[in-house]
Amino acid sequence: MGPVATSAPEKVYLGVFGGGGASNQVGLSQYGTAFFPEASGGPLAVNAFGKSNTRNVGLVGAHLGYQWEDILLASFSNQANVSPAVELEGYYVGKSNFTGHEIDSDTTRLLEHDFLVTYPTSTGVILANTVLNFNWANYAKWHPYVGAGIGAAVLSISNATSLQMSPLEADVNHFNGNPNDTTAAFAAQTKVGLNYAFNEHVSLFAEYRWLYISAADFTFGSTSYPSHVATTSWSGNLGAQNYNLGVGGIRFTI
């Protein structure tokens with residue numbers, strides 16, 4: 001019959017991890033009004049849209065989990081168990097830039113209205129996960145698992161820039177009145193990984209994650225230069241973000 005999978009007891013565990021990955025290209029938009037005098041055509045509404053580059057990121061984080069006793073998978077003839085778990089997890093996605101061109105195609109007063117925008121963005125994520133761990137009798141130290149979670153992300157942009165490239169306005173950051181803002185968005189993830197147990201208390205794990213963060217709105221300060229017309233504050237939007245991430249870490253059973 002071969003080895004029989006024995007039932008593992010309930011346990012609490014703590015994991016710490018790090019890794020990195022990259023985002024998809026993200027939709028960008030910028031809205032505001034420039035208060036040109038009537039002699040120059042009056043106020044000009046700016047509605048610019050574009051797409052960012054991909055964003056490379058690093059991350060560090062931790063989770064606290066509770067794993068229930070194994071459930072026998074009878075169809076595998078006593079060769080495998082599955083144990084469900086829940087986790088509370090938080091991680092920090094390090095600061096890096098979303099950069100892209102936004103084009104205002106709605107105005108007929110300019111042949112082209114092209115902004116080069118840069119959003120230096122850092123993100124904190126907190127999630128509640130459910131996990132299924134698989135325990136094979138023939139591979140007692142190796143434990144594949146899958147998981148999914150939902151929660152929230154806090155996105156912080158600092159020193160954002162919006163430079164008009166055409167018509168060129170050299171050295172004018174349209175967000176200079178206040179280039180910083182923070183907002184929250186919905187977050188979700190799925191993950192699949194492999195855990196290697198050195199003993200009953202310490203194990204290493206490696207996993208792939210897909211992280212989703214919903215679209216988020218930001219507000220930046222008005223353009224404030226002696227040589228530039230006054231503007232309203234600027235509304236910016238980052239579209240939905242999707243990340244492919246590789247993660248490795250160590251887990252301690254308490």
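Four salt bridges are counted in this structure, which is a predicted model. I shall take three of them in turn, and then turn to the strands and the surface.

The side chains of Glu87 and Lys191 form a salt bridge, with 2.9 Å from N to O. Glu87 belongs to strand E6, residues 80-103, and Lys191 to strand E11, so this pair ties together parts of the chain that are 104 residues apart in sequence. Are these two residues buried or exposed? Both Glu87 and Lys191 are buried.

Lys191 also meets the side chain of Glu89 in a salt bridge, here at 3.7 Å, N to O. Again the pair links distant parts of the chain, with Lys191 in strand E11 and Glu89 in strand E6, 102 residues apart. Lys191 counts as buried because its relative accessibility is 5%, and the cut-off for that term is under 20%. Glu89 is likewise buried, with a relative accessible area of 1%.

The next pair is Glu89 with Arg209, whose side chains form a salt bridge at 2.8 Å, N to O. Since Glu89 lies in strand E6 and Arg209 in strand E12, the contact ties together parts that are 120 residues apart in sequence. Arg209 is buried, as is Glu89.

Which residues make up the network of salt bridges? Glu87, Glu89, Lys191, Glu207 and Arg209 are linked in it. As a general point, side chains of opposite charge can pair when their charged atoms come close.

Strand E11, residues 181-197, pairs with strand E8, residues 142-157, in the antiparallel sense over 16 bridges. Within that pairing, Ile157 has Asp181 of E11 as its bridge partner. E11 is also joined to strand E12, residues 202-213, by 11 bridges, and these two run antiparallel. There, Gly193 has Glu207 of E12 as its bridge partner. E11 and E12 form a hairpin, with four residues between them.

Finally, the surface. Val12, Leu14, Val16, Leu64, Phe252 and Ile254 form a nonpolar patch there, with about 500 Å² of accessible area together. Which strand gives the largest share of the patch? Strand E1, residues 11-23, does, with three residues. Ile254 lies in the segment after strand E15, which spans 241-253. Ile254 counts as exposed because its relative accessibility is 68%, the cut-off being over 50%.

Terms used:
Residues are numbered from 1 along each chain as its sequence is written. This is a predicted model: local features need pLDDT of at least 70, side-chain atom pairs count only at pLDDT 80 or more; totals for chains, interfaces and linings use all residues. Side-chain values use heavy atoms; hydrogens and water are left out. Patches are made of residues with over 30% relative accessible area and no salt bridge: like charges are joined within 9 Å, nonpolar side chains (Val, Leu, Ile, Met, Phe, Trp, Tyr) within 5 Å. Accessible areas come from the Shrake-Rupley method with a 1.4 Å probe; for residues, only the protein chains shown count as cover. Buried means under 20% relative accessible area, exposed over 50%, partly exposed in between (1.4 Å probe, protein chains only). Two strands pair if DSSP finds at least two bridges between them.
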